[in-house]
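Morning, everyone. Let's take a quick walk through a new structure. Please look at the screen.

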Amino acid sequence: EGAVLVDGHDVRSVTQESLRSHIGIVPQDPYLFSGTVGENIRYGKLDANQDEIIEAARAAGVHDLITRMSQGYDTQVGERGANLSAGQRQLICLARAILANPPIMILDEATSNVDTNTERIMQDSLKRLSKGRTVIVIAHRLSTVTHADRIIILEHGKIIESGNHQQLMAKQGVYYQMFETLSAVEA
């Protein structure tokens, strides 16, 4: 029911290739290809030069980590990134999406399998990168969305609450209950 519009264009009226070129995705289970760290980031923009790759890595908060690797950007990642931690794989995928510089970025549970330090790095990156673009964050970890302009709570495919963190906390509804429960567990 309804329509999804991107810059006023119904997505059903554009090619999949065109639509995909406007969207960057950082999935829950990041996929890295056999090759180097730099090549995996470059996959976001195949004609990128080394300076662009480094800038994307800096924006993702992973540059310092990469430079500490045995061969820096030339470090082999192994099949599916097997020799990297979940957080390292996730940050490299974020750098790849940043390099593509899409107007829409989707993070699908991108922080669910990372430690709190990696989550903080990703959140800091996203605060800077969200300016001038649409960022859709799908998350169960509420700390990932507290700075969002708009949080939508779904239940059985229906919107049951919507607002920013402060508005939803003031409503003391489902979001509030989830936030309070998680805060009590973490304490």
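How many bridges join E3 to E4, and do the strands run parallel or antiparallel? Four bridges join them, and the two strands run parallel. Before going further, please note that this is a predicted model.

Stay with strand E3, residues 23-26. Its side chains alternate. Gly24 and Val26 point to one face, and they are buried. Now look across to the partner strand. Ile25 stands opposite Ile106 in E4.

Next, how confident is the predictor? The protein averages a pLDDT of 86. A score of at least 70 is reached by 95% of the residues. Which element has the lowest mean pLDDT? That is helix H6, residues 116-129, with a mean of 76. At the other end is helix H2, residues 37-42, with the highest mean, 95. A word of caution on this topic. Where pLDDT is low, the predicted coordinates should not be read in detail.

Now two loop residues. Asp7 lies between strand E1 (5-6) and strand E2 (9-10). Asn101 lies in the loop between H5 and strand E4 (104-108). Most residues other than glycine have a negative phi.

Step back into helix H5, residues 86-100. Gln88 is found there. Is Gln88 buried or exposed? Its relative accessible area is 19%, and buried means under 20%, so Gln88 is buried. Leaving out residues up to four places away in sequence, Gln88 touches Leu65 and Met69.

Last stop: Ile152, in strand E6, residues 151-155. Ile152 has a relative accessible area of 42%. That value falls between the 20% and 50% cut-offs, so Ile152 is partly exposed. Which residues does Ile152 touch, not counting those up to four places away in sequence? They are Ile159, Glu161 and Ser162. One distance to finish. Ile152 and Gly173 are 21 residues apart along the chain, and their C-alpha atoms are separated by 12 Å.

That's the tour. Thank you.

Terms used
Residues numbered from 1 in each chain as written. Predicted model: local features only at pLDDT ≥ 70, side-chain atom pairs only at ≥ 80, totals over all residues. Heavy atoms only, no water. Buried < 20%, exposed > 50% of the residue type's maximum accessible area, 1.4 Å probe, protein only. Contact = heavy atoms within 4.5 Å. pLDDT = per-residue confidence, 0-100. Pairing = 2+ DSSP bridges.
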